[in-house]
Amino acid sequence: QGLRNHGNTCFMNAVVQCLSNTAPLAEVLALGRYRARGGRAEVTHRLAALVRALWTRDYTPQLSAEFKNIVSKHSAQFRGNAQHDALEFLLWLLDRMHEDLGTASPAQQTRGPEEEVGAPCRGGRTPWLRFGGCPCQVRDQGSRDVLGGGRLESSLTCPHCLKQSNTFDPFLCISLPIPLRQTRALNVTLVLQCERRRFVRVGLAVPLLGTVAELREMVAREGRIPPEQVILAEVSPRGFVRSLGDAEELGAAGEGAPLYAFQPPPARRAAGCPRSLPASPGAAQRLPPTARSSDCLHPGAGGRILLLLCNTAGDGPRLTRFGPPLVLREERGVSWEQLQQSILAQLRALLRGEVRVQGTGALFRIRLAGGSAPCAYLSPQDPRPLCHPAIDRALQLSEAGGPPHVKLTVEWDMSTKERLFGNIQEEVVQDTESVRLQEQAHRQQHSCTLDECFQLYTKEEQVPAALP
């Protein structure tokens with residue numbers, strides 16, 4: 001049943017309703033099961049009459065008005081019609097009830113003695129505020145009822161000598177921490193080698209305080225691939241942004257750009273390093289000048305390296321990614337013509353028709369994503385463009401997470417892109433059910449129970465050692 005507002009008395013009404021709906025306390029007040037100290041317990045008597053009227057449906061505004069007047073009589077701070085804090089009024093009211101009933105408020109009690117482990121506890125087991133039982137009535141040292149309070153047992157154990165000491169602190173109010181959500185939703189696009197699940201987006205609940213190594217394990221389970229084969233990289237609408245290393249924190253992962261997880265193709269040992277073909281005349285006239293691998297490369301470089309590719313079209317700052325990102329293995333010693341042919345072979349399903357590589361020159365430019373400005377672009381005139389020292393530096397930087405790899409951006413001019421690919425846009429990605437479920441779960445307001453708050457409050461902590 002509601003209470004009449006007598007002029008900014010909402011704080012008072014809220015406290016009365018809380019006490020009235022605390023069953024053990026309401027029973028004590030409504031049934032008169034308390035012993036007042038003489039005729040001075042006016043506040044407790046008026047509160048008991050008000051609670052009794054609420055439960056018997058005999059409430060009238062006159063009862064709440066009389067309660068307000070009694071409160072104003074005994075507390076100058078609550079006189080008039082000013083607004084007040086409900087918790088402040090609750091603490092005052094409980095303290096006043098202790099005075100009316102002749103008991104010592106927990107706020108007025110001194111801190112209990114410190115007792116060592118093994119010493120007999122006076123009065124048996126020290127009671128604590130139990131919301132599963134009676135939350136408003138415990139025994140103090142004089143075996144008198146204390147309303148709304150209790151004593152908190154605090155145990156401290158030395159990690160060296162294992163000596164334990166217990167202290168008992170009386171309390172009237174406890175400020176409980178609220179458990180925060182420990183995860184956030186993160187969508188990751190998997191680029192797999194399986195044709196039936198080539199591009200698929202999954203939703204993950206990643207820990208807020210986790211590392212990229214944990215994310216790599218989660219992605220590996222979703223893709224059913226070994227964790228050491230997963231390459232994590234942020235890919236924006238303009239191309240690659242960065243690769244993620246295992247030691248990085250997950251706080252900002254995937255916020256700057258969508259996150260992709262690449263599965264490398266199976267490693268196959270080639271029979272030999274193919275011979276370089278001559279570059280087409282005039283192939284590099286449209287490209288910025290770059291250094292060549294023959295200028296600064298140590299001899300004997302070979303083997304296969306892992307390449308991540310993004311195709312972009314446009315001019316300057318208007319470059320836009322199109323088609324799916326690609327991953328392939330290539331020999332270090334290939335020529336520009338052979339590298340271009342390998343890239344076109346990966347794009348065969350997107351091409352409008354057959355493209356003849358011989359005699360076409362450089363169809364596109366290849367930029368090393370994240371490379372330094374002088375060596376940003378690979379040169380078509382370089383006999384071995386993948387043997388440039390900038391490639392070596394990129395491989396070294398990528399060793400922090402997943403297989404060593406190099407990120408390359410393939411830049412097409414708009415006319416060539418339209419002629420060969422038409423108006424193709426970004427890749428079509430299939431969303432799994434986990435994407436919707438994770439977004440829905442993390443969109444809802446985080447809730448917790450009172451028991452979870454107490455568990456967090458009473459969680460064991462490691463106290464830092466004092467300085468000598």
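Predicted model: local features only at pLDDT ≥ 70, side-chain atom pairs only at ≥ 80, totals over all residues.
**Helix α5**

Select residues 86-100, which make up helix α5. The helix has 15 residues and reaches 21 Å from its first C-alpha to its last, close to the 21 Å expected at 1.5 Å a residue. Now show D85, which caps the N-terminal end of α5. A side-chain oxygen of D85 lies 3.1 Å from the backbone nitrogen of L87. Colour the buried residues of the helix next; among them are F89, W92, L93, R96 and M97. An α-helix has 3.6 residues a turn, so residues three or four places apart point the same way. Just after α5, stop at G102, where phi is positive, at about 75 degrees.

**Strand β14**

Move to residues 406-412, strand β14, where seven of the seven residues are buried. Show the side chains: V406, L408, V410 and W412 point one way, while K407, T409 and E411 point the other way. In a regular strand the side chains alternate between the two faces of the sheet.

Strand β11, residues 304-313, runs parallel to β14 and is joined to β14 by seven bridges; here L307 stands opposite V406. Strand β13, residues 365-368, runs antiparallel to β14, with four bridges between them. On that side, R365 stands opposite E411.

**Aromatic pairs**

The model has 11 aromatic pairs. For one of them, select F240 and F262: the ring centres are 6.3 Å apart and the planes are at 50 degrees, so the pair counts as tilted. F240 belongs to strand β9 (residues 239-243) and F262 to strand β10 (residues 259-262), and the pair links parts of the chain 22 residues apart. F240 has a relative accessible area of 11% and is therefore buried; F262, at 1%, is buried as well.

Then select W336 and F364, a tilted pair with 6.3 Å centre to centre and 45 degrees between the planes. W336 lies in helix α8 (residues 336-346) and F364 in the loop between α8 and β13, 28 residues apart. W336 is buried at 4% relative accessible area, and F364 is buried at 2%.

W412 brings the view back to β14, where its side chain points the way of V406, L408 and V410. Finish at K417, which lies over the face of F322 at 5.2 Å from the ring centre.

Methods. Residues numbered from 1 in each chain as written. Heavy atoms only, no water. Helix = DSSP H or I, 4+ residues; strand = E, 2+ residues; numbered from the N terminus. Expected span 1.5 Å × (residues − 1). Buried < 20%, exposed > 50% of the residue type's maximum accessible area, 1.4 Å probe, protein only. Polar contact = N/O pair within 3.5 Å; in protein donor to acceptor, adjacent residues only side chain to side chain. Pairing = 2+ DSSP bridges. Phe/Tyr/Trp six-rings, centres within 6.5 Å; stacked < 30°, edge-to-face > 60°. Lys NZ or Arg CZ within 6 Å of the ring centre and 35° of its normal.
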